[in-house]
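Subject: Structure handover and notes

Hello,

I am handing over the structure we discussed. Please open it alongside this message.

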Amino acid sequence: MSRSAAKNLIERYFRQLTDGCGNDDCDNEFCASCRHFRPLDKNAAAVRALELYKVNAKLCDLKTSRTESDLQLLDLKEDFGDIHYLTDNTVCMILSVCEEERDYSSLIRVIGRVFSNANALIKSFRKDVPESSEPKDGASHQPGTSLEVTVDIDSVRRFYKRLQTIEQAESALVNALVYLTPNVELDLEYLEAYETIPDYLNIFVILMENGNLHSPEYLDLALPQLCKAMSKLPVAALSRLCELWSKYELPHIRRIMETFQQLITYTVVTREYDGEHLVNDDDTVVAACKCLKVVFYASLVGGDVDTEHDGDDDGEAADSDELSLHELLGEERLYKKGPEVDLLEKEIGVRPIDSRKPLIPFEDFVNESLSDVVEMDKDFTFFKVDAETKFSFQTCPFVLNVFTKNQGLYYDNRIRMYSERRLTALYGMVQGQQSSPYLKLKVRRDHIIDDALVRLEMISMENPSDLKKQLFVEFEGEQGVDEGGVSKEFFQLVLEEIFNPDIGMFTYDDDTKLFWFNSSSLENEAQYTLVGIVLGLAIYNNCILDVHFPMVVYRKLMGKKGSFLDLPDSHPVLYQSLKELLNYNGDVEADMALTFQISHTDLFGNPVLYGLKEKAEDIPVSKENRQEFVDLYTDYILNTSVERQFCAFKKGFLMVTSESPMKYLFRPEEVELLICGSRKLDFEALEKTVEYDGGYSKDTQIIKDFWQTLHSFGEEQKRLFLQFTTGTDRAPVGGLGKLKMIITKNGSDSDRLPTSHTCFNVLLLPEYSSKEKLRERLLKAITYAQGFGML
């Protein structure tokens, strides 16, 4: 059959469906004249006409001649001008006609018309929604009410898939997007379009399903404009979008994440930024980060979430009605405790700390290109002072790497130190007495714990704000100015003594090589408070500590409770036993013979009984209550049994960090990096940044031999070397390339071992006569040196 004849038949079916045949007694179920026929609109009639043509359905004989009304047909020959929105069926119908004609110009015109019009997109690809659930025109959306998105996602994806083989379709979509998005942005910003029509969100749902948004033709104009428009959506709309994307399968939500990341990276690498032109002022990057935040929270919501906390998240004192000195000086914004609560986070009710396993790993949201160009000193000012007028990337901390965020924390700490010095000077002028602008600790090496404990306890009781001052340590009877090295040695000596197993404050697991709070410790709470203060001071003074805690400690410090998912790291043997109990298929009560009474050993190795419930010894563990048993057991081990010790420890930590933005910027694993450093060791990066002294240079033969020898070491030997040289086997935040290390000449060839000043990261290396001797001497030094037997 010719194309012309086919079109005529389709037109006849269309007229039969819309106007009927004119026979009052017609019994053709496909004719509008039939009494049982359900009326169709023109779009539905056009689709149905095509289907009837394909199956060669019955055609009635027309009893009336054509009139003007008979000719008001859908324009199948030209551009389907009566199609004002798209559905699965209309797309199929248009494609069938275009494929038959081998001409897609009509489809291109329809795409251009629908995708450049907000109202057309809102009505397109709708799924069947009960009438009662659809908002009436003009009815505003009430905040806090959950509305289901009315887009048929599968239909939209089929549409984009069908367009993949049509070359002209992509350019039509790009052009339509460029025309549409500025109007949408204006509607959202000035006309409150979403509040009037909640289905306005459909526009962004449909557009973000385009799998080619990250391609070059979109990156210059169309995608930036789309991000700017999306960033104007109110929080309620972003929350709905987050909820929708959280239910997507991983490939789809990852595609959306990669689209925004691609735009950020493309924009950053193709533009130049400096002190006058900051990346913070780049509307494209800012809008893309705001959109990426929606995907970030969708990834959290869609993953494994634990929203339970310990009920004491912040540990901060209640706000006072009295004016502080900062407020009197007009500086209260610079020294405020933290940023305002993120509105999207508040609307969704999930925080990054609540996520146990997001859909997309946290690391994939970090944009290294962006992190490299953010000037954190200026960004910090925007974060603290100009948040209402300037965008700070610290409001989207997930996109920055730990090193960049640590720079922000460093500026915050330095500002507070400067603030405390100013306040001390002002108080001194008013009160007529001079006090130290620094936190000075004078300690004896052989009584370091007692001296530090007494001094810090006095400070915490009399004037806790002194802990915010810059730390200066002096060892009694020793000369030297603390430029960081003495403080580092102080931290190392304190920790070495506190974590000594003989003291009994902490227990040590030989398998995990981690410390845990000793629930039977006889030490008072002040000792644990001291440990917390030391950890806080280390962060505050930018010092890496050789501390080995399980991750649950850092989660608890940030307000979470320990749970069963924390046991593999902190108590792996117990975790395995409880897991086997949960998975046991036999008769739990008869075979296991467990009750809700458990036992553990005290400080002296004696068994101690503890009831997880009232009358615990009389309650057997069964298949029905074993989950409750596991939960109570876990809660006891990680929370209840060490509550006294941990609360004192956390109290000390918060004395230093309570006003810090740390909890807003970092996740628990990142806090561990701040305190302990990274386990990833890149010695090639260290080689590029190390400095030489005493006559050595990178071209000296002994130095060449040294690096060849060090690179040949195994992983454990490299860690021993790092421990020997710096006092810790971990790299600072940002990697070994950020470590300031010096290799200095320590005489000519001899049998002496290499030595080190761990306080200053200095390696003293004799100029050995051969590479073999160097290797033998270095291995012996790092293998047998322990603690402060180094130097």
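First, the ground rules. This is a predicted model, in which local features need pLDDT of at least 70, side-chain atom pairs count only at pLDDT 80 or more, and totals for chains, interfaces and linings use all residues. Residues are numbered from 1 along each chain as its sequence is written, and side-chain values use heavy atoms, with hydrogens and water left out.

**Helix 13**

Helices and strands are DSSP runs numbered from the N terminus (helices H or I, at least four residues; strands E, at least two). Helix 13 covers residues 250–270, 21 residues in total. From first C-alpha to last it reaches 30 Å, close to the 30 Å expected at 1.5 Å a residue. That expected span is 1.5 Å times one less than the number of residues.

Its buried residues are I253, R255, I256, M257, T259, F260, Q261, L263, I264, T267 and V268. Buried means under 20% relative accessible area, exposed means over 50%, and partly exposed lies in between (1.4 Å probe, protein chains only). These buried residues of helix 13 pack against helix 10 (216–219), helix 11 (222–230), helix 12 (235–246), helix 14 (283–302) and helix 17 (368–373).

Take T259, which is found in helix 13. Its relative accessible area is 2%, so T259 is buried. T259 touches M208, L213, H214 and L223, not counting residues up to four places away in sequence. Contact here means heavy atoms within 4.5 Å.

I360 also meets this helix region. I360 sits in the loop between strand 2 (355–357) and helix 17. I360 counts as buried because its relative accessibility is 0%. Leaving aside neighbours within four places in sequence, I360 contacts L250, I253, R254, M257, S299 and F365.

**Cores and a surface patch**

A nonpolar core is a set of buried Ala, Val, Leu, Ile, Met, Phe, Trp, Tyr and Cys residues joined through side-chain atoms within 4.5 Å. The largest one has 114 residues, and F115, I203, W245, F260 and L370 touch the most other members. Helix 14 gives the largest share of this core, 13 residues. A second, separate core has 86 residues, including L441, V531, I533 and A648.

W245 touches M208, M230, I253, I256, F260, V294, V295 and A298, again not counting residues up to four places away in sequence.

On the surface, L186, Y190 and L191 form a nonpolar patch with about 360 Å² of accessible area together. Areas come from the Shrake-Rupley method with a 1.4 Å probe; for residues, only the protein chains shown count as cover. Patch residues have over 30% relative accessible area and no salt bridge; like charges are joined within 9 Å, nonpolar side chains (Val, Leu, Ile, Met, Phe, Trp, Tyr) within 5 Å. Y190 lies in helix 7 (residues 167–190). Y190 counts as exposed because its relative accessibility is 59%.

**Salt bridges**

The whole structure holds 35 salt bridges. The criterion is a side-chain nitrogen of Lys or Arg within 4 Å of a carboxyl oxygen of Asp or Glu. Here are some of them.

- D88 and R162 meet at 3.1 Å, N to O. The pair links distant parts of the chain: D88 is in helix 3 (residues 88–101) and R162 in helix 6 (residues 153–163), 74 residues apart.
- K293 and D342 meet at 2.5 Å, N to O. K293 lies in helix 14 and D342 in the loop between helix 15 (325–328) and helix 16 (343–348), so the pair ties together parts 49 residues apart in sequence. K293 is buried at 12%, and D342 is buried at 18%.
- E767 and K745 meet at 3.0 Å, N to O. E767 lies in the loop between strand 12 (762–765) and helix 34 (771–784) and K745 in strand 10 (residues 742–745), so the pair ties together parts 22 residues apart in sequence.

Salt bridges that share partners also join D306, R356, R555 and D566 into one network.

**Backbone**

Most residues other than glycine have a negative phi. K513 has a positive phi of about 60° although it is not a glycine. N761 likewise has a positive phi of about 60° and is not a glycine.

Best wishes
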